Amino acid sequence: MNARADIDIEKASKMWNDGQSAGMIAGQFGISRNVVIGLANRNRDLFPNKKTGAAEVTVAAPIQRREYKPSAMARIDVDVYKAAQLWNEGMSQERIAARLGTNKHAIRRLTGKYRELFPKRPKSEFVWTDEKIAAAAKMWADGMQPREIGEKFGTTKAGLLGVAFRNRALFPARGVGRKSPRGTRKSLTIIPKARQKSVVEPDFGPAEPQIPATEYDLMRLPHAKTLVDLEPCECKWPLTSGGPFLFCSETTESRASYCTNHLERSLPRPEYRRLKAA
């Protein structure tokens, strides 16, 4: 037995077997909890394991689960029966939402949750006749919105727009984009010409002089070809300065771009080469 002199091991063992915790025993003797645990581990015959010993183990109560709180969208107060009545009258989800002061997403959830109150609607068999198209074109010319025109004829906005695209002569385009509300368009600021920065044109230096034509060019002109007709190893020296553009087409050496005559003329003059080398 291994025990400290300042601890009454028999009293501590009795307290342990009575179900007191290590912290309570430590407070009784004025020592730390770890000292009591170490004493129990070294004297397991006096301090049996509480999980397997005779001491009664208190079973913790089951954890009470928190009740589910629906999202803010689901807490919207909607009269389901009123919405079902409007649905059966043929109103769309957007119009039902506007009538009940909510949004179409809440109505969409109601139609899926209470399918017995919101039965599925059969697909529309609406057919556009010439009279209906003419009447819709008159409403279009009066400035009515596509959704409003579609509701007049018991169809959707997309159905009306499809008829409008197929009959552009009766449904002229109203322009691109939406008009900005009054007072939101930014006013243009007029800058005086004196403060405007002048456009700086790039300076490419003096224009390069054109190489004058020679008798050789005139001799090659009957044999000239267009650029798309040139074959590999044929001279690509332009003989004309306007359309149609014609090229020399003389055979070149070593897959060069120009023939011997034009290759010599494309290089700088000998005296200019010496000046550049100096």
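**Rings, cores and cysteines**

Modeller: Happy to. Let's start with W140, which counts as buried at 9% relative accessibility; buried means under 20% relative accessible area, exposed over 50% and partly exposed in between, with a 1.4 Å probe and protein chains only. Bear in mind that this is a predicted model, where local features need pLDDT of at least 70, side-chain atom pairs count only at pLDDT 80 or more, and totals for chains, interfaces and linings use all residues. Residues are numbered from 1 along each chain as its sequence is written, and side-chain values use heavy atoms, with hydrogens and water left out.

Colleague: Which charged end sits over the ring of W140?

Modeller: That of R174, 4.0 Å from the ring centre. The test is NZ of Lys or CZ of Arg within 6 Å of the ring centre and within 35 degrees of the ring normal.

Colleague: And how many aromatic pairs are there in the whole structure?

Modeller: A search finds five. Rings of Phe, Tyr and Trp (its six-membered ring) pair if their centres lie within 6.5 Å; planes under 30 degrees apart are stacked, over 60 edge-to-face, and the rest tilted. One of them joins W16 and F47, with centres 5.6 Å apart and planes at 80°, so this pair is edge-to-face. It links distant parts of the chain, as W16 is in helix α1 and F47 in the loop between α3 and α4, 31 residues apart. Helices here are DSSP runs (H or I, at least four residues), numbered from the N terminus.

Colleague: Is F47 buried or exposed?

Modeller: F47 is buried, with a relative accessible area of 0%.

Colleague: What else does W16 touch?

Modeller: Beyond its neighbours within four places in sequence, W16 is in contact (heavy atoms within 4.5 Å) with residues including A22, I25, A40 and R44.

Colleague: How many residues are in the largest nonpolar core?

Modeller: There are 14, and W16, I25 and F47 are among those with the most contacts inside it. Such a core is a set of buried Ala, Val, Leu, Ile, Met, Phe, Trp, Tyr and Cys residues joined through side-chain atoms within 4.5 Å. Helices α1, α2 and α3 each supply at least two of its residues.

Colleague: Switching topic: how many disulfides?

Modeller: Zero in the whole structure, taking a disulfide as two cysteine sulfur atoms within 2.5 Å.
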